[in-house]
Amino acid sequence: MEKKTIELIKLTAGEGMTLTNGETYGKEIYLGVNDFPENWREISDEVVPKDEPPNEVEEA
Amino acid sequence: MSIAEKLTAIAENEQSVYEAGQTAEWKELWDGLQSYGERTEYDRFCIAKNFIIKDKGEPYWNFYPKYDLNITRAPAMFRAFNNENSSALYPSVQIDLTERLNSLGVRLNTSNATDLSMMFYMCQGLTRVPFLDLTSATNLNSFIGYTSITTIDGIRSSETTNWASNSFSSYCSLQHCIFSGIIAKSLNLSKTQLDYESLVSIKNCLKDVSEAGTTLTLALGTLADKLSDAEKAEITQKGWTLA
């Protein structure tokens, strides 16, 4: 029998905050084996880029 | 046969004569639209004015291709399948594209397609899409988003499939899509509503980049709650950060 322990590193944003590495945003981040906590920082929810709906309209 | 007899025969077979005329018209239309089966570039193909027909005042989608859809390019192909304006011009009935193409004996072949940007973006007239081979896709910007599509019968990805961070864009109602092949680019699926089975298929397709010392990102948002810690660990051990 082989017993293996796998480490799962989880970062959790504080209340009203979001984690980002500059490209991806999230409340909970599970780091890949080559990723580091230093690559992520907290920003306020208010400055997270919002989705802009497309303004192009197709007319029938 | 005299003219009178012909007119009598036509009158007696009014419905079948009408249908024969309709069929001839359909064949002629799609021979032209699909260049007798030779067409491969479907950029903004479904322009609403060409595909919305009114029948007794009710608009419906007149999308009945005659030939296989062998696609090499299809940016914004189904862009016109859009009734979000609640306009009376747009049909209220949505199409199951898999069922529609099956009923016509037509195949959707995207295995040689490169530019599929916005193919199903702002497409609110479809509910289901057939299997999509995206192994040659080089442009998948805003591939799907602002859509009513809930099911894609499957997606095949490859090492070179060029997924973009916005391939699965906002307001993406997609609930079920089984992936196969390899996913080797960061992917953001947090705007979808994918089920557990779909998420597991995606997990299994992620390329292992742990030995390369790099990190790719799989953004699932709250969808990640559907995965167990063991499944999340499988993802991170492959060198993917789960967001």
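**Salt bridges, a pocket and a surface patch**

B:Arg73 pairs with B:Asp115 in a salt bridge, with 3.7 Å between the closest N and O atoms; the term stands for a side-chain nitrogen of Lys or Arg within 4 Å of a carboxyl oxygen of Asp or Glu. B:Arg73 sits in the loop between E3 and E4 of chain B and B:Asp115 in the loop between E5 and strand E6 (120-121), so the pair ties together parts that are 42 residues apart in sequence. Elements named here are DSSP runs numbered from the N terminus, helices (H or I) having at least four residues and strands (E) at least two.

A word on the ground rules: this is a predicted model, in which local features need pLDDT of at least 70 and side-chain atom pairs count only at pLDDT 80 or more, while totals for chains, interfaces and linings use all residues. Residues are numbered from 1 along each chain as its sequence is written, chains are lettered from A and ligands numbered from 1 in the order in which they are written, and side-chain values use heavy atoms, leaving out hydrogens and water.

Back to the charges. B:Arg73 also meets B:Asp43 in a salt bridge (2.5 Å, N to O). Here, too, distant parts of the chain are linked: B:Arg73 belongs to the loop between strand E3 (69-70) and strand E4 (95-96), B:Asp43 to the loop between helix H2 (14-33) and helix H3 (48-51), and the two are 30 residues apart. Put together, B:Asp43, B:Arg73 and B:Asp115 make a network of salt bridges. How exposed or buried are its members? B:Asp115 is buried at 14% relative accessible area, whereas B:Arg73 is partly exposed at 28% and B:Asp43 is partly exposed at 29%. (Buried is under 20% relative accessible area, exposed over 50% and partly exposed in between, with a 1.4 Å probe and protein chains only.)

Another salt bridge joins B:Arg107 and B:Asp68 (3.5 Å, N to O). B:Arg107 is in the loop between helix H4 (97-104) and strand E5 (108-109), and B:Asp68 is in the loop between strand E2 (58-61) and E3, 39 residues apart. B:Asp68 is partly exposed, at 24%. Over all chains, the count comes to 12 salt bridges.

Next, the largest pocket, with about 1,200 Å³ of space. (On a 1 Å grid over the protein atoms alone, a pocket is an open set of points where a 1.4 Å probe fits, with protein on both sides within 12 Å along at least five of seven lines; lining residues have an atom within 4 Å of a point.) Its lining takes in 42 residues, and the closest to the centre are A:Thr24, A:Tyr25, B:Asn188, B:Ser190 and B:Lys191. E14(B) gives the largest share of the lining, three residues. A:Thr24 is found in the loop between strand E2 (17-20) and E3 of chain A, and is buried at 13%. Leaving aside residues up to four places away in sequence, A:Thr24 touches A:Leu19, A:Trp40, B:Thr217, B:Ala219 and B:Ala243, a contact being heavy atoms within 4.5 Å.

As for chain A overall, there are five strands and zero helices. Of its 60 residues, 27% count as buried.

Finally, on chain B, B:Ile3 lies in helix H1 and counts as exposed at 65% relative accessibility.

Notes. Grid points are joined across faces, edges and corners, and a volume is the space filled by probe spheres set on the points.
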